[in-house]
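Good morning, everyone. Please take a look at the structure on the screen, and then we will walk through it together.

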Amino acid sequence: MSEVHHQTALSDFYPKEAFLKHPDNPLKESEFNWLFKNRETNGFKDAFVKVNARKFLVHIPGFTECLARRRGQ
C-alpha cells in the first residue's frame, strides 16, 4: 500500500462538537461519539487533537483516512 503524505493546514482541523454537522462526517451522532470515546482502541486516536481537558479538534484528513481503513477501503 502506498503512503499518502498530506501537508497539514489549520483548515484541516475542526471543533469536535461542530464536526457532527460537517459535510465530511457521514456518521450519526451516536456513531461519532462511540468512535471518539473508544479512540484509544479503535485506531481513531490520531484523528483527534486535544486542546484542553474538554476541547478536542478533529483532524479531517486523519478522520477520513481512519474511517476508510475501518470500512476496508
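Helices (H or I, at least four residues) and strands (E, at least two) are DSSP runs, numbered from the N terminus. This is a predicted model, where local features need pLDDT of at least 70, side-chain atom pairs count only at pLDDT 80 or more, and totals for chains, interfaces and linings use all residues. Residues are numbered from 1 along each chain as its sequence is written, and side-chain values use heavy atoms, with hydrogens and water left out.

Start with G62. Helix α4, residues 60–70, contains G62. Buried means under 20% relative accessible area, exposed means over 50%, and partly exposed is in between, with a 1.4 Å probe and protein chains only. G62 counts as buried because its relative accessibility is 13%.

Now the rings. Rings of Phe, Tyr and Trp (its six-membered ring) pair if their centres lie within 6.5 Å; planes under 30 degrees apart count as stacked, over 60 as edge-to-face, and the rest as tilted. How many aromatic pairs does the structure hold? Eight. One of them joins F19 and F32, a tilted pair with 5.6 Å centre to centre and 45° between the planes. This pair links distant parts of the chain: F19 is in helix α1 and F32 in helix α2 (residues 29–37), 13 residues apart. F19 is buried, at 0% relative accessible area. F32 is buried too, at 0% relative accessibility. Ring pairs also build a cluster from F19, F32, F36, F44, F48, F56 and F63.

Next, the core. A nonpolar core is a set of buried Ala, Val, Leu, Ile, Met, Phe, Trp, Tyr and Cys residues joined through side-chain atoms within 4.5 Å. The largest one has 14 residues, and F32, F44, F48 and F63 have the most contacts inside it. At least two residues of this core come from each of α2, β3 (56–59) and α4. Its largest share is from α4, with four residues.

Look at F48 for a moment. Contact means heavy atoms within 4.5 Å. Beyond its neighbours within four places in sequence, F48 contacts K16, F32, F36, R39, F56, L57, V58 and F63.

That brings us to charges. Lys and Arg count as positive, Asp and Glu as negative; His and the chain ends are not counted. A salt bridge is a side-chain nitrogen of Lys or Arg within 4 Å of a carboxyl oxygen of Asp or Glu. K16, in helix α1 (residues 16–19), is buried yet has no salt bridge. The nearest side chain of opposite charge, E17, is 4.7 Å away. What does the charged end of K16 sit over? The ring of F36, 4.5 Å from its centre. A charge sits over a ring if NZ of Lys or CZ of Arg is within 6 Å of the ring centre and within 35 degrees of the ring normal. The charged end of R39 also sits over the F36 ring, 4.1 Å from its centre.

The whole structure has two salt bridges. One joins K45 and E40, at 4.0 Å, N to O. K45 is partly exposed at 45%, and E40 is exposed at 55%. In the other, the closest N and O atoms of E65 and R69 are 3.1 Å apart. These two are about one helical turn apart, because they are four residues apart in helix α4.
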